[in-house]
Amino acid sequence: MNCFLLTLYLKLLLDSVFGSLPAPVNVSMNSVNFHHVLRWDPGPGSPPGTSYLIFKRMKGRKPKEPQKSTKTSLTLKLKNEGWYYLNVQASYNQTLSPMSSTVTFNAYENTKIGPPKLSLAGCGNCIHINISLPKVVQDFYKDLLVFRVSLKKPNEPLKAIETRNKSVTLELLQKGQEYCVQVEAKCAANLNTEPSAWTCTFTSIVEPRRVGVVVGIAAALLLVVISLLVSFMLCLYYTGFICKLKETLPRPLIVRDVCICFFKSIFLNESLCVHNKRALEVLV
């Protein structure tokens, strides 16, 4: 009878001690690309200044010393393979709360494979895609990764292919058309994956018609050439290299003579025009 009363007294005493500090709630693991963060919320009525003890134990191994935290989250270093059992306990003024619910976690199966990073480049009637994942993910899963590449354009159904290559070229596309691409890494050992955002690019830029521009440039060049040729012929005349007069003539005759020599040089291929006094008298 006395033992029963003593046991009841101790139970009530322990209940009063642990019941005065509530256990943490909503314990969860947030793990992306093998970066593990354990999170929890303070129990209802937890006093300010409460600290926490984080217990982690691997299956089949002895538990290690708990880690301490004054925050409601803690980054954990865990092995990529093996099952962990995680608990959180509140501590305040040398009083401990009951243990939280247990979180079971295996990084190999439970970490989230984050969205791949994409770079797109149009190549005429195709799109070249480069896919990248964090090195730790690529090194750990290696040949288990398969990339699902989805392609869409306005008013057409979605198309998808699967490949193990991190460099992909989508061919036989429409030139000058915008396409959007999404990639998701698939892994048979870990179904917890997240696709990338839709990324859009053009296959190529359609070049505008340049016929009018070419014609305009050709016409301008022709005018420039004619102007330079006329200026050159006038310069040769006044310097005496062509159509050199044997005697001084009145100005009207000189102008007429220039015209005759210019047309002879152009249309009759006469490089030199020697003055003919009789022809000038007829023109006068």
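## Sheet β9-β10-β13

Three strands, ordered β9-β10-β13, make up an open sheet with antiparallel pairing. The edges belong to β9 (117-122) and β13 (167-170). Each has a single partner strand, so one side of each is left without a neighbour in the sheet. On average, neighbouring strands here are turned by 20 degrees against each other, direction ignored. The model is predicted.

Strand β10 covers residues 127-132. Four bridges link β10 to β13, in the antiparallel sense.

## Sheet β1-β2-β5

Another open sheet has three strands in the order β1-β2-β5. Its pairing is antiparallel. At the edges stand β1 (25-32) and β5 (73-76). Both have a single partner strand, and therefore one side of each lacks a neighbour in the sheet. Neighbouring strands of this sheet are turned against each other by 20 degrees on average, with direction ignored.

Strand β2 spans residues 35-41. β2 and β5 run antiparallel and are joined by four bridges. Opposite H36 stands L76, a residue of β5.

## Pairing and edges

Strands of a sheet pair through backbone hydrogen bonds, in a parallel or an antiparallel arrangement. In the sheet β9-β10-β13 the arrangement is antiparallel. The sheet β1-β2-β5 is antiparallel as well.

For a look at the edges, start with β9 and β13, each with a single partner strand. Then turn to β1 and β5, which also have a single partner strand each.

Methods
Residues are numbered from 1 along each chain as its sequence is written. This is a predicted model: local features need pLDDT of at least 70, side-chain atom pairs count only at pLDDT 80 or more; totals for chains, interfaces and linings use all residues. Side-chain values use heavy atoms; hydrogens and water are left out. Two strands pair if DSSP finds at least two bridges between them. Helices (H or I, at least four residues) and strands (E, at least two) are DSSP runs, numbered from the N terminus. Axes are lines fitted to C-alpha atoms, for helices over the stretch in contact, and angles run from 0 to 180 degrees between N-to-C directions.
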